[in-house]
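Have the structure open as you read.

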Amino acid sequence: MRRVACLLLTGALVSACGLTSGSPMVDDVVPGTIGQGEPLEGAELTVTSKEFTEQLILGAIMGIAFEAAGAEVLDRTGIQGSIGAREAVRSGDADGMYEYTGTAWITYQGNSEPIDDPRKQWEAVRDADLKNGLTWLEPSALNNTYALAMNQDNFKKYGTKTLSDVAELARTDPGAVTLCVESEFANRADGLPGMEKEYGMSIPAGNITQMDTGIIYTQAAKGSCTYGEVFTTDGRIKSMNLAVMEDDKKFFPNYNAAPVINSGTLKEYPAIAEILAPVTAKLNNAVAQELNAKVDVDGEDPHEVALDWMKDEGFVKAG
């Protein structure tokens with residue numbers, strides 16, 4: 001989710017974290033409950049996102065909303081890493097994306113301590129980014145944060161329900177706690193090192209295996225590792241029937257998704273805020289898990305999943 005790099009764009013190259021190409025969105029949509037009167041008619045807007053499933057869906061949702069409101073939309077979703085997508089919006093290479101409050105607060109704005117209250121976290125991020133030419137619109141309840149999860153057999157065997165329970169298990173039975181994690185999580189202050197410090201865990205390096213995100217879910221489901229690092233909005237949690245450990249000390253930051261718009265674009269097209277507000281308000285963890293599962297479990301196309309949801313919710317209609 002919060003990878004930091006600027007390497008490539010799906011179907012295109014990224015040069016110095018900038019965008020060099022994209023493809024027009026050609027969805028045949030008209031206003032439903034949003035975009036009435038097509039206030040973006042004549043606008044040429046570019047949407048971007050990071051490369052993982054949820055971001056591709058959110059980027060498509062934003063673009064479809066703009067299309068229904070009359071804009072011509074260029075799709076530049078799928079940048080690998082966090083910094084490239086953000087820089088595109090900041091520089092004006094793109095006009096908007098959905099970003100996560102915790103990512104901005106920790107990774108971009110350089111803070112080490114998250115703010116426990118989700119609203120105050122969003123307000124702090126919003127205020128700090130105004131000087132960067134970025135405007136944060138109202139956030140969603142979707143909170144794509146870190147968690148540890150295990151399969152049902154291990155859940156029954158060890159009975160851990162919270163991260164404090166995991167810390168206690170690591171103390172009393174060190175061999176029982178094996179972790180499958182991403183390399184970034186293994187090294188981030190708001191990842192494994194910070195979690196171990198906060199919960200007083202001491203997990204031997206030999207008990208920690210680093211791997212790609214998708215493999216973590218399958219390995220945790222098979223029980224190859226007792227606990228896998230997961231994201232709380234991932235559809236594979238439900239489809240694989242994984243038990244998620246509660247972050248009872250609230251260590252992990254809030255990662256609420258919110259639209260981030262280039263401030264110059266928003267000044268030119270202030271209707272963007274009104275168009276996106278009801279869409280963002282509908283996004284929560286249950287919705288995200290459902291939409292993400294359609295892609296990661298059922299193999300559907302992220303853009304089509306976004307389009308179907310926008311139609312089902314009545315935000316847009318077929319043209």
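This is a predicted model: local features need pLDDT of at least 70, side-chain atom pairs count only at pLDDT 80 or more; totals for chains, interfaces and linings use all residues.

## A loop residue to begin with

E38 sits in the loop that runs between β5 (29-31) and β6 (44-50). Its backbone deserves a look too: phi of E38 is positive, about 45°, although E38 is not a glycine.

## Other loop positions and a glycine

K250 also has a positive phi, near 50°, and is a residue other than glycine. You will find K250 in the loop between β14 and β15 (257-262). Is K250 buried or exposed? With a relative accessible area of 59%, K250 is exposed. A glycine with a positive phi turns up as well: G223 follows α9, and its phi is near 85°.

S202 belongs to the loop between α8 (192-199) and β12. S202 is exposed, at a relative accessible area of 60%. Along the chain, S202 and R171 are 31 residues apart, yet their C-alpha atoms are separated by 7.5 Å.

## The five-stranded sheet

Next comes an open sheet of five strands, ordered β12-β11-β13-β10-β14, with mixed pairing. Which strands stand at the edges? They are β12 (208-210) and β14 (243-244); each has a single partner strand, so one side of each is left without a neighbour in the sheet.

Inside this order, β10 (residues 146-150) pairs with β13 (residues 227-231) in the antiparallel sense, over four bridges. Y146 is the residue opposite F231 in β13. β10 also runs antiparallel to β14, to which two bridges join it. There, A149 stands opposite V244 of β14.

## How β10 is covered

Five of the five residues of β10 are buried, so the strand is mostly covered. In a regular strand, side chains alternate between the two faces of the sheet. For β10, Y146, L148 and M150 lie on one side and A147 and A149 on the other, and both faces are covered.

Helix α9 (residues 213-222) packs on the sheet, where it touches β10, β11 (179-181) and β13. The direction of α9 makes about 135° with that of β13. Which residues of α9 are buried? They are T213, I216, Y217, Q219 and A220. These buried residues pack against β10, β11 and β13, and also against α10 (236-239).

## β15 and its two partners

β15 is mostly covered as well, with six of its six residues buried. A257, P259 and I261 point one way from the strand, while A258, V260 and N262 point the other way.

β15 has antiparallel pairings with β8 and with β9. With β8 (residues 96-100) the pairing extends over five bridges, and E99 stands opposite A258. With β9 (residues 134-136) there are three bridges, and V260 is the bridge partner of W136.

In soluble globular proteins, nonpolar side chains tend to be buried together. The largest nonpolar core here has 78 residues, and L40, F66, I272 and M310 touch the most other members. Helix α1 gives the most to this core, with nine residues.

What does L40 touch, leaving aside residues up to four places away in sequence? Its contacts are L45, F66, A69, G70, A71, Y269, A271, I272 and I275. Another core lies apart from the largest one; this one has 17 residues, A85, A88, V125 and A258 among them.

## Where α1 meets α13

Helix α1 (residues 53-68) packs with helix α13 (residues 285-296) at an angle of about 110°, and their axes are 9 Å apart. Because angles of 65 to 115 degrees count as roughly perpendicular, α1 is roughly perpendicular to α13.

On the α1 side, the contact is made by T53, E54 and I57; on the α13 side, by A288, L291, N292, V295 and D296. Sorted by class, this contact has four nonpolar, two polar and two charged residues.

Terms used: Residues are numbered from 1 along each chain as its sequence is written. Side-chain values use heavy atoms; hydrogens and water are left out. Axes are lines fitted to C-alpha atoms, for helices over the stretch in contact, and angles run from 0 to 180 degrees between N-to-C directions. Angles under 35 degrees count as roughly parallel, over 145 as roughly antiparallel, 65 to 115 as roughly perpendicular and the rest as oblique. Contact means heavy atoms within 4.5 Å. Ala, Val, Leu, Ile, Met, Phe, Trp, Tyr, Cys and Pro count as nonpolar, Asp, Glu, Lys and Arg as charged, and the others, Gly among them, as polar. Two strands pair if DSSP finds at least two bridges between them. A nonpolar core is a set of buried Ala, Val, Leu, Ile, Met, Phe, Trp, Tyr and Cys residues joined through side-chain atoms within 4.5 Å. Buried means under 20% relative accessible area, exposed over 50%, partly exposed in between (1.4 Å probe, protein chains only).
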